[in-house]
Amino acid sequence: MTTTPRKFDSEIRIIPSGKWLYRGQEITQENVLSFFKKSIREDKEGIYITNTYAELTEHGYIEAKTIFLKIINSIEKDNTIYLLGEDDSSTPIEDFYFYS
């Protein structure tokens, strides 16, 4: 059974310094930040953290005032370029949105 994700404002903000805040307080737990960075997605409504448990999925939208993923390397495999993030992610370049 597929259900529509619950969508809400997560109250998480990424400020220009790169710090992550929840209700104005800095998030400092590395395991929490790592989960958030690995769970970031984007759709036409904005940037969100996706969380799934059992049959429920949530999209907690965030406000980002800076780039929140540091690209550390790239590789080419099967004629596709993958960008490697500091969070050990490997994402095809065509999945990124580039803004000028």
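Author: A residue counts as buried when its relative accessible area is under 20%, as exposed when that area is over 50%, and as partly exposed in between, with a 1.4 Å probe and protein chains only. The model is predicted, so to speak of a local feature requires pLDDT of at least 70 and a side-chain atom pair pLDDT 80 or more, while totals for chains, interfaces and linings use all residues. Residues are numbered from 1 along each chain as its sequence is written, and side-chain values use heavy atoms, with hydrogens and water left out.

Reader: How many aromatic pairs does the structure hold?

Author: Rings of Phe, Tyr and Trp (its six-membered ring) pair if their centres lie within 6.5 Å, and the planes count as stacked under 30 degrees, edge-to-face over 60 and tilted for the rest. There are 3 aromatic pairs in this structure. In one of them, the ring centres of Phe35 and Phe36 lie 6.1 Å apart with the planes at 55°, which means that the pair is tilted. Phe35 counts as partly exposed because its relative accessibility is 38%, whereas Phe36, at 15%, counts as buried. Tyr48 and Tyr61 also form a tilted pair, because their planes stand at 50°, with ring centres 5.2 Å apart.

Reader: Which strands hold Tyr48 and Tyr61, and are these two residues buried or exposed?

Author: Helices (H or I, at least four residues) and strands (E, at least two) are DSSP runs, numbered from the N terminus. Tyr48 belongs to strand β5 (residues 46–53) and Tyr61 to strand β6 (residues 56–64), so that the pair, 13 residues apart, links distant parts of the chain. Tyr48 and Tyr61 are both buried. Ring pairs also link Trp20, Phe35 and Phe36 into a cluster.

Reader: Which strands stand at the edges of the sheet, and in what order do the strands follow one another?

Author: Two strands pair if DSSP finds at least two bridges between them. Here 6 strands form an open sheet with mixed pairing, in the order β3-β2-β1-β6-β5-β4. Its edge strands are β3 (25–26) and β4 (40–43), each of which pairs on one side only. Strands β1 and β6 run parallel and share 6 bridges, with Ile14 having Ala64 as its bridge partner in β6. Strands β5 and β6, by contrast, run antiparallel and are joined by 6 bridges, and here Tyr48 has Tyr61 as its bridge partner. These two strands form a hairpin with 2 residues between them, where Ala54 in the turn has a positive phi of about 55°. Antiparallel pairing also holds for β4 and β5, joined by 4 bridges.

Reader: Which residues make up the largest nonpolar core?

Author: A nonpolar core is a set of buried Ala, Val, Leu, Ile, Met, Phe, Trp, Tyr and Cys residues joined through side-chain atoms within 4.5 Å. The largest one has 10 residues, namely Ile12, Ile14, Trp20, Ile27, Leu33, Phe36, Ile40, Ile47, Ile49 and Ile62. At least two residues of this core come from each of β1 (6–14), α1 (30–38) and β5.

Reader: What is Ile12 in contact with, leaving aside its neighbours within four places in sequence?

Author: Contact means heavy atoms within 4.5 Å. With those neighbours within four places left aside, Ile12 is in contact with Trp20, Leu21, Tyr22, Phe36, Ile49, Ile62 and Glu63. Ile12 lies in strand β1, and this residue is buried, with a relative accessible area of 6%.
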